[in-house]
Amino acid sequence: MTETGNGRGTAAGARETDEAEVRRVARVILLDPDDRILLLHGYEPDDPEQTWWFTPGGGLEGDETHEQAALRELVEETGITDVALGPVLWRRHCSFPFAGRRWTQDEQYYLARTTQTATAPGGLTELEARSVAGLRWWTSAELSAARETVYPDRLAELLDTLLDEGPPSPPLDLAPEIV
């Protein structure tokens with residue numbers, strides 16, 4: 001996978017790019033049959049005490065579409081292959097320090113559903129292997145009560161709205177996150 005997400009928008013396994021380059025990223029709001037969301041637990045490789053939770057996803061490779069990148073990243077980061085990819089929910093611009101450099105990304109968040117809840121990450125890059133501690137399915141209530149850092153900002157509120165109202169049309173443009 002080319003980028004995991006350090007929670008800040010993330011690039012746990014992102015390939016090195018020019019710092020002025022804006023990476024195009026596909027992220028996934030993956031829900032199981034009980035409407036739990038799957039998040040990865042990441043940390044700064046040089047400071048394992050600095051942790052966060054984030055959605056699966058990563059940078060587009062070559063002429064790959066956002067949809068293709070979203071599905072590829074899901075397999076690499078979670079091992080989940082039985083996925084129904086839905087619409088784009090949100091768009092976000094973010095910039096954050098991670099692994100000794102600044103990452104700047106334009107992200108699209110896709111809704112996806114699965115009945116496959118067992119995870120088996122198998123395509124982590126070396127950087128991702130040094131910065132991803134695991135995965136967890138979260139209920140909306142658990143996410144709302146979380147005292148840990150979660151990305152994107154306001155994910156609990158966004159998930160509640162999604163579950164109550166369905167996907168927005170057109171996709172929402174989230175506030176930029178510059179860390």
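1. A nonpolar core here is a set of buried Ala, Val, Leu, Ile, Met, Phe, Trp, Tyr and Cys residues joined through side-chain atoms within 4.5 Å, where buried means under 20% relative accessible area (1.4 Å probe, protein chains only). This is a predicted model, in which local features need pLDDT of at least 70, side-chain atom pairs count only at pLDDT 80 or more, and totals for chains, interfaces and linings use all residues. Residues are numbered from 1 along each chain as its sequence is written, and side-chain values use heavy atoms, with hydrogens and water left out.

2. Helices (H or I, at least four residues) and strands (E, at least two) are DSSP runs, numbered from the N terminus.

3. Next, look at the β2 and β3 hairpin, which has two residues between its strands. Strand β3 (residues 47–54) runs antiparallel to β2, and five bridges join them; strands pair if DSSP finds at least two bridges between them. In this pairing, H41 stands opposite W53 of β3.

4. Finally, helix α1 covers residues 66–78. Its buried residues include A69, L74 and also R72, E73, E76 and E77. After α1 comes G79, with a positive phi near 80 degrees.

Notes: Expected span 1.5 Å × (residues − 1). Buried < 20%, exposed > 50% of the residue type's maximum accessible area, 1.4 Å probe, protein only.
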